[in-house]
Amino acid sequence: MSTTATLATLSDSNLAADPNWWRQASVYQIYPRSFSDSNGDGLGDIKGITAKVPYLKELGIDAVWLSPFYPSALADGGYDVDDYRDVDPKLGTLEDFAEMSAALHQAGIKLIADIVPNHSSDRHEWFKEALAAPKGSAARERYIFRDGLGKNGELPPSDWDSVFGGPAWERITEPDGTPGQWYLHIFAKEQPDLNWANREIRDDFLKTLRFWSDRGVDGFRVDVAHALTKDLTEPLLSKAELTEANTGTDGFPDGSHPFWDRDEVHEIYAEWREVFNEYNPPRTAVAEAWVHATRRARYASPQGLGQAFNFDLLQADFDAEEFQEIITRNLAEAKATGASSTWVFSNHDVVRHATRYGLPMGGGVHAKGQDGKGWLLAGAPAEELDTELGLRRARAASLLMLALPGSAYLYQGEELGLQEVGEIPDAERQDPAFFRNKGVEIGRDGCRVPLPWATEGASFGFGAGDAHLPQPEWFSRYAVDAQDGVEGSTLELYRKALKLRRELQTAEELEWVETGNSQVLQFSRHGGWQSVTNFGAEPVELPAGEVLLSSGPLAAGKLPGNTTAWLR
Ligand code: NOJ
């Protein structure tokens with residue numbers, strides 16, 4: 001029997017084949033290059049993850065979501081994939097992957113792989129072929145090539161900007177050395193967009209889904225799930241026309257944007273669903289789709305991907321009213337469509353919530369600093385950052401989230417209360433968002449700094465060498481070994497919360513309890529599990545009941561400000 005078959009059988013027979021395991025799972029995101037480095041080259045790797053499976057088991061999570069681990073030149077942190085069916089040699093081998101998958105499964109942890117279908121990297125075999133082939137060839141048809149405008153095609157086909165700043169079109173040099181066609185890249189220029197109107201692309205991704213499913217992958221996180229299909233009928237709309245047609249909320253409400261959230265994209269996911277359902281239990285998927293709120297449900301449909309990220313809490317300020325509105329609306333939406341809700345405060349793209357909540361502008365991820373700079377930290381002078389308040393609120397928010405019906409997505413390091421690293425020297429930054437915006441956007445490196453496992457030693461226990469992004473001295477305070485077994489530490493809070501959540505989790509419903517205080521949110525789940533959060537600064541009376549856990553110390557029957565308690 002091949003390794004693959006053995007693994008697939010193992011994962012199917014040893015785990016409860018519950019087709020609904022994902023609905024209320026706690027999912028821990030690993031950014032592999034910054035998690036744990038087994039060979040001292042400064043880059044986290046697959047063996048590093050395998051070595052930490054006991055840690056993950058003790059943490060009490062249900063699944064790991066692994067950010068891209070494929071061969072990549074890292075033009076965008078691995079979201080520039082050279083080969084969809086291999087492991088980056090810098091991170092390990094397919095055998096290492098099989099070992100990791102088996103170890104996770106043995107520990108009762110499911111594995112979700114990130115898949116990046118909108119674009120490949122410019123080092124993918126397909127793109128190399130496209131560059132070597134003539135205009136109009138089948139190789140070019142795998143991507144989106146267009147002639148330029150202007151007398152000699154010297155102008156891009158449209159004035160669109162890429163997400164990371166700068167133009168969304170890049171001109172190539174033709175095989176004969178002359179300036180040639182342009183290709184579309186919604187993200188970095190090293191990430192050419194694939195042409196999903198091409199059947200070959202669709203079939204190849206079905207093959208990739210099976211490839212990883214056969215290797216024990218239980219589910220997929222789908223990168224920019226809303227961008228795959230495009231209407232590039234000419235003349236292309238201008239930037240100004242697109243801005244005018246936008247309603248000002250996330251995405252277009254009617255699917256009319258040329259590349260974001262078009263209706264046809266769901267035909268692709270209906271095909272993916274058929275592949276997912278070939279497996280037992282069916283493979284799962286969660287869409288990363290920054291779309292208009294009214295259109296998110298389509299991605300989460302049981303005939304499609306089944307779940308879609310809801311970034312509403314991540315964009316909200318630390319505010320009781322905002323939280324309640326978001327939670328109520330999302331639970332109602334999920335109920336109406338049969339999906340389960342998803343919740344997330346932090347990931348590899350945003351400033352960590354322990355830092356956001358300590359910034360003067362409230363905590364919503366889209367807030368801009370005083371000088372208009374994005375990604376938050378750029379505009380927030382260090383002296384205005386209150387890390388203690390940020391952590392208090394982050395712990396309160398996370399405890400609230402872990403009591404909600406649906407899946408909770410956690411980002412590596414949040415269980416340590418880790419803060420964003422603001423002090424990365426420009427020369428050491430890696431994020432294309434920083435470079436393409438010429439430093440106006442500070443970029444996302446600050447949440448991707450390798451984890452501190454130990455108070456002392458090389459790279460705080462991340463590995464034997466220097467970490468690929470510089471870790472600040474203050475990381476030692478947040479190290480795993482500084483928190484392990486320490487009553488009241490953030491790590492112990494997460495461990496207890498995750499364990500209790502498993503025991504208490506019931507039907508995907510909650511009931512709000514009237515508190516008579518607009519800054520206090522309280523809800524109950526079936527079986528009497530209650531969560532109460534004081535978003536204000538002043539202590540309030542604790543509701544009656546046995547206190548199971550609290551995000552901070554309680555005093556004399558009171559719930560202090562910026563604190564959550566669970567009761568029964
Ligand atoms: C979303 C990913 O989360 C982000 O990290 C990446 O840069 C873009 N998609 C492009 O793949």
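1. In this predicted model, Phe 97 has a relative accessible area of 1% and is therefore buried, the cut-off being under 20%. Phe 69 has 0% relative accessibility, so Phe 69 counts as buried too.

2. The structure holds 41 aromatic pairs. In one of them, the ring centres of Phe 69 and Phe 97 lie 5.0 Å apart and the planes meet at 35 degrees, so this pair is classed as tilted. The two residues are 28 apart in the chain and link distant parts of it: Phe 97 belongs to helix α4, and Phe 69 to the loop between β2 (63-66) and α4. A pair of aromatic rings is described by both the distance of the centres and the angle of the planes.

3. Phe 69 and Phe 97 also belong to one aromatic cluster.

4. Helix α4 covers residues 94-106, which makes 13 residues. From its first C-alpha to its last it reaches 18 Å, close to the 18 Å expected at 1.5 Å a residue. Besides Phe 97, the buried residues of α4 are Asp 96, Ala 98, Met 100, Ser 101, Leu 104 and His 105. Just after the helix, Gly 108 adopts a positive phi of about 80 degrees.

5. A separate point concerns the second largest pocket, whose volume is about 310 Å³. It is lined by 17 residues, and those closest to its centre are Glu 388, Leu 391, Arg 392, Arg 395 and Thr 490. By type, the lining divides into eight polar, five nonpolar and four charged residues.

6. Which helix gives the largest share of the lining of this pocket? Helix α13 (residues 387-402) does, with five residues. The end C-alpha atoms of α13 are 22 Å apart, which agrees with the 22 Å that its 16 residues should span at 1.5 Å a residue.

7. Twelve of the 16 residues of α13 are buried, so the helix is largely enclosed by the rest of the structure. The buried set includes two arginines, Arg 393 and Arg 395.

8. At its N-terminal end, α13 is capped by Asp 386.

Conventions
Residues are numbered from 1 along each chain as its sequence is written. This is a predicted model: local features need pLDDT of at least 70, side-chain atom pairs count only at pLDDT 80 or more; totals for chains, interfaces and linings use all residues. Side-chain values use heavy atoms; hydrogens and water are left out. On a 1 Å grid over the protein atoms alone, a cavity is a set of points where a 1.4 Å probe fits but cannot get out, and a pocket is an open set with protein on both sides within 12 Å along at least five of seven lines; lining residues have an atom within 4 Å of a point. Grid points are joined across faces, edges and corners, and a volume is the space filled by probe spheres set on the points. Helices (H or I, at least four residues) and strands (E, at least two) are DSSP runs, numbered from the N terminus. Ala, Val, Leu, Ile, Met, Phe, Trp, Tyr, Cys and Pro count as nonpolar, Asp, Glu, Lys and Arg as charged, and the others, Gly among them, as polar. The expected span of a helix is 1.5 Å times one less than its number of residues. Buried means under 20% relative accessible area, exposed over 50%, partly exposed in between (1.4 Å probe, protein chains only). A polar contact is a pair of N or O atoms within 3.5 Å; within protein, one must be able to donate a hydrogen and the other to accept it, and residues adjacent in sequence count only if both atoms are side-chain atoms. Rings of Phe, Tyr and Trp (its six-membered ring) pair if their centres lie within 6.5 Å; planes under 30 degrees apart count as stacked, over 60 as edge-to-face and the rest as tilted.
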